[in-house]
Structure formats: C-alpha cells, structure tokens
Amino acid sequence: MALRRGLGFDRKSLQGAIEPRKSPVLWYLYSMRSLIPILVGIVLAASTVARAAPSLRATSVSQAEQNRLADDDHLSRMQDKEMLQRWTRLELLVPVKEKTRDYYLHAVPSDYRYLRPWARLLLERLASQYRARFGQPLRVTSLVRTVSYQRQLARRNGNAAAATGPKASAHLTGACLDISKKGMTRSQQAWVRNVLYQLRSKKYLYAIEEFKQPAFHVLVHRSYEDYVAQRLSAAKR
Ligand SMILES: [Zn+2]
C-alpha cells in the first residue's frame with residue numbers, strides 16, 4: 001500500500017514537472033509535417049499487405065503433395081473404365097448430376113460423372129452457398145478421370161498432369177473436382193478462393209488456383225465428411 005501511494009504521488013509530481021508551455025515533442029512533430037503523407041502511405045501499404053487476399057497459387061511440389069495426401073486417405077487411382085464402374089457399384093464413387101439449380105457440368109463425358117461421396121458433398125454445399133449468395137450456379141469442368149482419359153487430356157493439353165507416377169493427376173482418385181472461373185466476377189472468384197483457403201488451412205481439402213485454364217482445382221479429404229457432420233450437429237443444438 002505504501003509503495004502504491006508513493007508511486008501515485010511520484011506520477012502526479014512528474015506530470016507537473018514535464019509540462020512545458022511549448023512542448024518540444026510537438027515542435028519536433030510540427031517540423032516533420034512534410035513527412036506525414038509519406039508516413040500515412042507506409043501505414044496504408046502495410047495494412048494492405050496484412051489484409052492481402054489469400055492465395056491458392058500452385059507450386060512445383062503441389063502435384064506430389066496431392067498424391068501424398070491422397071495416399072494418406074488410402075485412395076486407389078482409377079486405371080480404366082472397368083475399375084471406375086466397379087468402384088461405382090461398390091458406392092466408393094457416387095454419381096454427380098449433370099445439372100442442378102446450384103451447379104452444372106461442362107464438358108464432362110457421361111462415363112466420368114462420378115466423385116468420392118465426400119467430394120460430392122463439398123460440391124453440393126459450396127454450390128448451394130454460392131447460389132444463395134450470387135444467384136448463379138457453379139460451372140464444374142472436371143470430376144473423376146481414369147489413366148487412359150488423363151492420357152487423352154495430356155495429349156490435347158500440354159499443361160495437363162501426368163497419367164501415372166508420383167506426379168499423376170489427383171483426379172484419378174475421384175476426390176478431385178475443377179470449378180471454372182469463366183464468367184465469374186472478381187468478387188465471386190474472391191469468395192470461392194476465400195472459402196477454399198479457409199477449408200484448406202483447416203486441412204479438409206487441398207485447393208490450388210489454375211490460371212492457364214482458369215479454374216479452382218480441389219482435392220477433398222475424407223475428413224471433410226466429419227467436418228460437415230460436426231457443423232450440422234452444432235447447428236441442431
Ligand atoms: Zn483439376
């Protein structure tokens with residue numbers, strides 16, 4: 001108590017002592033006034049960097065990383081149409097409608113309109129939220145692929161991923177989908193980017209943004225199903 005009282009007294013007397021009529025600090029600031037626009041500029045630039053939009057830019061290791069993540073989820077790669085049909089019969093792959101009110105498939109051959117159940121779940125939820133917000137459906141340009149289909153794509157398009165090996169396309173797993181950016185405004189793109197970025201940082205999916213063929217490429221993890229179940233049970237409570 002004695003100490004605190006003592007400090008209080010000190011503070012009072014100090015305040016009185018350092019209060020000159022013309023503060024040298026204020027004079028100093030006044031003399032620096034020409035620097036104010038520059039300082040404001042620096043502060044604004046710094047805050048822009050701090051609020052920079054999330055990035056889903058691909059790196060040279062993205063493809064190998066996706067295969068490692070697919071292995072963690074124990075996902076087989078579709079070798080051919082027969083295997084794809086077998087996986088469908090076992091309901092390890094589920095059909096994706098060509099068109100709903102929330103999304104539509106563009107240039108996806110009928111034999112390849114399948115996804116892993118949790119990847120379809122992401123598509124349905126993302127598309128429904130997108131339509132609720134923007135009043136438009138999502139345009140989906142790729143789902144599951146087989147090795148031979150991937151080879152065909154690679155022949156047509158030099159940017160397409162390999163069909164086999166450690167850098168093979170993750171579309172072979174059926175847990176991948178491409179969402180086209182064609183026709184999206186900047187704010188629509190930013191919304192999709194941000195949602196995918198949030199889910200990626202929580203490790204429910206792996207998403208990259210492609211620029212050569214403007215699309216979001218999304219590999220959905222099995223754990224996304226648990227995430228949705230948690231969200232739904234939390235909403236009921
Ligand atoms: Zn893709």
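Glu 91 sits in the loop that joins H5 to strand S1 (94-95). This is a predicted model, in which local features need pLDDT of at least 70 and side-chain atom pairs count only at pLDDT 80 or more, while totals for chains, interfaces and linings use all residues. Residue numbers start from 1 along each chain as its sequence is written. The protein has nine helices and seven strands; these are DSSP runs numbered from the N terminus, helices being H or I of at least four residues and strands E of at least two.

**Whole chain**
- Of the 237 residues, 28% count as buried (buried: 20 or more other C-beta atoms within 10 Å of the residue's own; exposed: 12 or fewer; partly exposed: in between; C-beta atoms are placed from the backbone).
- Among contacts with a separation of 6 or more, 69% come from residues 24 or more positions apart (contact: C-beta atoms, placed from the backbone, within 7 Å).

**Loop residues with positive phi**
- Glu 91, a residue other than glycine, has a positive phi near 60°.
- Glu 91 counts as exposed because it has 9 C-beta neighbours inside 10 Å.
- His 74 follows H4 and lies in the loop between H4 and helix H5 (81-89).
- Phi of His 74 is also positive, near 55°, in a residue other than glycine.
- His 74 has 8 other C-beta atoms within 10 Å and is therefore exposed.

**Helix H4**
- In helix H4 (residues 62-72), the buried residues are Gln 66, Asn 67 and Ala 70.
- Viewed down the axis of H4, these buried residues fall within an arc of 100°, so they line one face of the helix (the arc is that of the directions from the helix axis to the C-beta atoms).
- The buried residues of H4 pack against strand S6 (205-210) and strand S7 (215-220).
- Arg 68, Asp 71 and Asp 72 are exposed residues on the face of H4 turned away from its buried side.

**Packing of H6 and H9**
- The axes of helix H6 (residues 117-134) and helix H9 (residues 223-236) are 8 Å apart, at an angle of about 50° (axes are lines fitted to C-alpha atoms, for helices over the stretch in contact; angles run from 0 to 180 degrees between N-to-C directions).
- H6 and H9 are therefore oblique to each other (under 35 degrees is roughly parallel, over 145 roughly antiparallel, 65 to 115 roughly perpendicular and the rest oblique).
- H6 contributes Trp 118, Leu 121, Leu 122 and Arg 125 to the contact, and H9 contributes Tyr 224, Glu 225 and Val 228.
- The residues of this H6–H9 contact comprise five nonpolar, no polar and two charged (nonpolar: Ala, Val, Leu, Ile, Met, Phe, Trp, Tyr, Cys and Pro; charged: Asp, Glu, Lys and Arg; polar: the others, Gly among them).

Notes
Contact = placed C-beta atoms within 7 Å.
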